[in-house]
Amino acid sequence: MRESIDADDGPAADGSLHERTGRSPGQPSIRGMVGLTTLALLVTGWWLVPREERPAQGRPDVVIDYSGRPAERLTAVRKLEMSDRENMDGAIASLAGYLKDPEAQIRAAAATAMVTVVTPGSADPNPARLHYVVGLLLACLSDPAPEVRAAAAKAAWMVVLVGGGLVNGFDPAPVTTALVERLGDDEPSVRLEAIRGLGVLGSRVGKTPPPLLVAALDDAAEVNGEAAAMALATYRQGLAPLLPSIVRSLDDHPPRYRKAVVKLLEQIQGPPLNTGNQDSWFGPAAVDGLIAALDAEDSAIRDRAVTALASFREAAGPAAPLLARNLARSLGARSAGADGSDADEAVAIIDCLREVVIGASDQHEAAAALAKALEPGRGTRMRVAAARAIGKLRPEPAVLRTLNTFILDRDPAVRHAVIRAIHDVDFADVHMIPKDLRTIAR
């Protein structure tokens, strides 16, 4: 027979239950008070923890009803994409459900929406949330639908970039590893997003570009090869040792590869004067690769190498002899006469020599080629450029003879440039100054 402890069963021999426990009717028990107090403290403690510091695994699973029309589910994803920061965790949980939607279009839209949801107006300071979202997106890189893989690859690196991952200690290595694997994807759009992502994150993980990224210069999709060139340029120090082999393999690849290499050379620039951050620019180690490019058969490759070498100034001095030979070849391949577009290559080489020759150990080839460019019958633009470049040479006998020859030139622009060059060469001994200039001075 059950013994009742209900107060309504009547008084007990030792007093009622309320009397035995020392509390009045309606007053909670001590055990109950402790339990309620503990629960209140837990709830209060949870809400006192900043939202961004709550563990990612605490997010609730959201059950998505996939039975509705795809258009309705796609609309739902679009609405989630517009969620504000206060609803961020719920939106992420819902999008995680839509990443498993039967429709590839909706899965791709959910991956794309993650970028906006994680960063509604400012970088998300929560590493736990970032890890959670990136993990979801990386899992989608094996999706059977190419459009989903492409969307997930793009979203993964963008979430790290705009979600504060690069400033709050987030390790992008798992993302770059996954992107390198996608460089072998059958779908060009997936490879493109992997290439772009490595351009943004890759150099933050390793100094040397992955071999598959170098190979992407010859991607079957031309736009991917050009994107690979841009991505490789972010590995400034690690790329330099690879440049010679890249340019020397031009003949082993189709034309699209040459276009990609031109794009790569366009990104190479030496450090500006008085720069405080050398890591933001290519160092002198890149000069060897640019010198190798001067031997290329493709004129576009040579042109880009000349332009890049000029930006390294005296650090590119070792390039002076080959630049001089290229100048002599250019002068011999064209007829003398008025300036025109066919003189552009020669003028560019002359301008480059003016920047780099000060760092050359031997200037004789440069002096001879510049003297040839200064000869009468060539266009004024070329002759003036040559005189200006000669003004950077050291005061040697060959330089004196050249300037003395043209100091009374019939072209006033050339005469002015030659006189300026004599001043720039800085002949310290008055007896070394060309006799005709002393005559003019008197």
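Leaving aside neighbours within four places in sequence, L213 is in contact with L183, I195, L198, A228, A231, L232 and Y235. The model described here is a predicted one. L213 also belongs to the largest nonpolar core, which comprises 126 residues. Together with L309, L323, L327 and I350, L213 is among the residues with the most contacts inside this core. Helix α5, spanning residues 104–118, gives the most to the core, with 11 residues. In soluble globular proteins, nonpolar side chains tend to be buried together.

Helix α5 also packs against another helix. Two packed helices are described by the angle between their axes and the distance between the axes. For α5 and helix α4 (residues 88–98), the axes come within 9 Å and cross at roughly 160°. Since angles over 145 degrees count as roughly antiparallel, α4 and α5 are therefore roughly antiparallel to each other. The crossing in which α4 passes α5 is left-handed. On the α4 side, the residues that meet α5 are M88, A91, I92, L95, A96 and Y98; their partners in α5 are I106, R107, A110, A113, M114, V117 and V118. By residue type, this contact consists of 12 nonpolar residues, no polar ones and 1 charged.

P376 counts as exposed because its relative accessibility is 55% and the cut-off for exposed is over 50%. Not counting residues up to four places away in sequence, P376 touches R383, F406 and D409. P376 and D411 lie 35 residues apart in sequence, and their C-alpha atoms are 9.1 Å apart in space.

Methods: Residues are numbered from 1 along each chain as its sequence is written. This is a predicted model: local features need pLDDT of at least 70, side-chain atom pairs count only at pLDDT 80 or more; totals for chains, interfaces and linings use all residues. Side-chain values use heavy atoms; hydrogens and water are left out. A nonpolar core is a set of buried Ala, Val, Leu, Ile, Met, Phe, Trp, Tyr and Cys residues joined through side-chain atoms within 4.5 Å. Buried means under 20% relative accessible area, exposed over 50%, partly exposed in between (1.4 Å probe, protein chains only). Helices (H or I, at least four residues) and strands (E, at least two) are DSSP runs, numbered from the N terminus. Contact means heavy atoms within 4.5 Å. Axes are lines fitted to C-alpha atoms, for helices over the stretch in contact, and angles run from 0 to 180 degrees between N-to-C directions. Angles under 35 degrees count as roughly parallel, over 145 as roughly antiparallel, 65 to 115 as roughly perpendicular and the rest as oblique. A crossing is left-handed if the near helix is turned anticlockwise from the far one by less than a right angle, and right-handed if clockwise. Ala, Val, Leu, Ile, Met, Phe, Trp, Tyr, Cys and Pro count as nonpolar, Asp, Glu, Lys and Arg as charged, and the others, Gly among them, as polar.
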